[in-house]
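Thanks for coming. I will take a few minutes to walk through one model, so please look at the screen.

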Amino acid sequence: TIASNDTSLRLQYSIKLIGRKNEYQQLKKGFQNLPSISFISGASGSGKTKLIQTFTEEVMNDSILHFSFQCTHLTQNMPYGPFVNIIKNTFKRKYGYDFRNKLIDKISSGINILIELCPFIKDYGDLYFKNEDAVMLDIKDKDIIYNVLLQFLQLISEDSKLLIVLD
């Protein structure tokens, strides 16, 4: 059939970054002067994602922890979605005896909050504390939750630069 001979879907075009040189340089400069937070905004189709992809490809190396989360209509109702994604990927990459000890040392009072946000942590059985300090999170506890999340980000960025991309 004609469709089986169609090769257009197999073509891969590599479009270079066009018209974003200033923004690209600002990202590079900001990333060298850590800690840094950069916000990229613009109209749909203006090249924000391509700018981020180009930047990420250039700066990536083994000393950088990179996390990416795509905010879409499918993920908009996922509470703390980007943070849960970061925690999950960190556990997959780093979990071991040393990481466990650092986690307990730095965030001991917040481990049960992490477990409440990320139930998969129970799979790492030796971290799960069945104690009287069990946590039931409430919407009013945002400050406590954000503090524990910040402690977690600080912990994982002690040995590596941290690049978080929310698209």
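Let me start with a question: does phenylalanine 83 count as buried, partly exposed or exposed? At 27% relative accessibility, phenylalanine 83 counts as partly exposed. The cut-offs are these: buried is under 20% relative accessible area, exposed is over 50%, and partly exposed is in between, with a 1.4 Å probe and protein chains only.

Some notes on the source. This is a predicted model, in which local features need pLDDT of at least 70 and side-chain atom pairs count only at pLDDT 80 or more, while totals for chains, interfaces and linings use all residues. Residues are numbered from 1 along each chain as its sequence is written, and side-chain values use heavy atoms, with hydrogens and water left out.

Now the overall layout. The protein chain has six helices and two strands. Both are DSSP runs numbered from the N terminus, where a helix is H or I with at least four residues and a strand is E with at least two. Starting at the N terminus, the order is α-α-β-α-α-α-α-β. The protein chain has 167 residues, and 31% of them count as buried. Its accessible surface is about 11,800 Å², with 52% belonging to carbon and sulfur atoms; that area comes from the Shrake-Rupley method with a 1.4 Å probe, and for residues only the protein chains shown count as cover. If we take contacts between residues at least 6 apart in sequence, 72% join residues at least 24 apart. Contact here means heavy atoms within 4.5 Å.

Next, helix H2. H2 has 12 residues and reaches 17 Å from its first C-alpha to its last, close to the 16 Å expected at 1.5 Å a residue. The expected span is 1.5 Å times one less than the number of residues. Which residues of H2 are buried? They are Lys48, Leu51, Ile52, Phe55, Thr56 and Val59. Seen down the axis of H2, these buried residues fall within an arc of 125°, so they line one face of the helix. The arc is taken from the directions from the helix axis to the C-beta atoms. What they pack against is helix H1 (21-32), strand S1 (64-69) and strand S2 (161-166).

Take threonine 56 as one case from that helix, H2, which covers residues 48-59. Threonine 56 is buried, with a relative accessible area of 10%. Not counting residues up to four places away in sequence, threonine 56 touches His66, Leu163 and Val165.

On to helix H3. H3 has 14 residues and reaches 20 Å from first C-alpha to last, close to the 20 Å expected at 1.5 Å a residue. Its buried residues are Gly81, Pro82, Val84, Asn85, Ile86, Ile87, Thr90 and Phe91. The cover over them includes S1, helix H4 (97-107), H5, H6 and S2.

That brings me to the rings. How many aromatic pairs does a search of the whole structure find? It finds seven. Rings of Phe, Tyr and Trp (its six-membered ring) pair if their centres lie within 6.5 Å; planes under 30 degrees apart count as stacked, over 60 as edge-to-face and the rest as tilted. One of the pairs is phenylalanine 83 with tyrosine 146: the centres are 6.4 Å apart and the planes are at 70°, so the pair is edge-to-face. Phenylalanine 83 lies in helix H3 (residues 81-94) and tyrosine 146 in helix H6 (residues 142-156), so the pair ties together parts that are 63 residues apart in sequence. Tyrosine 146, at 41% relative accessibility, counts as partly exposed.

Phenylalanine 91 and phenylalanine 99 also form an edge-to-face pair, at 5.6 Å centre to centre and 90° between the planes. Phenylalanine 91 is buried at 1% relative accessible area, and phenylalanine 99 is buried at 7%. Phe91, Phe99, Phe120 and Phe152 form one aromatic cluster.

Last, phenylalanine 120, which sits in the loop between H5 and H6. Phenylalanine 120 is buried, with a relative accessible area of 18%. Leaving aside neighbours within four places in sequence, phenylalanine 120 is in contact with Val84, Ile87, Lys88 and Phe91. Lysine 88 lies over the face of phenylalanine 120, at 5.5 Å from the ring centre. For that call, NZ of Lys or CZ of Arg must be within 6 Å of the ring centre and within 35 degrees of the ring normal.

That is the end of my tour.
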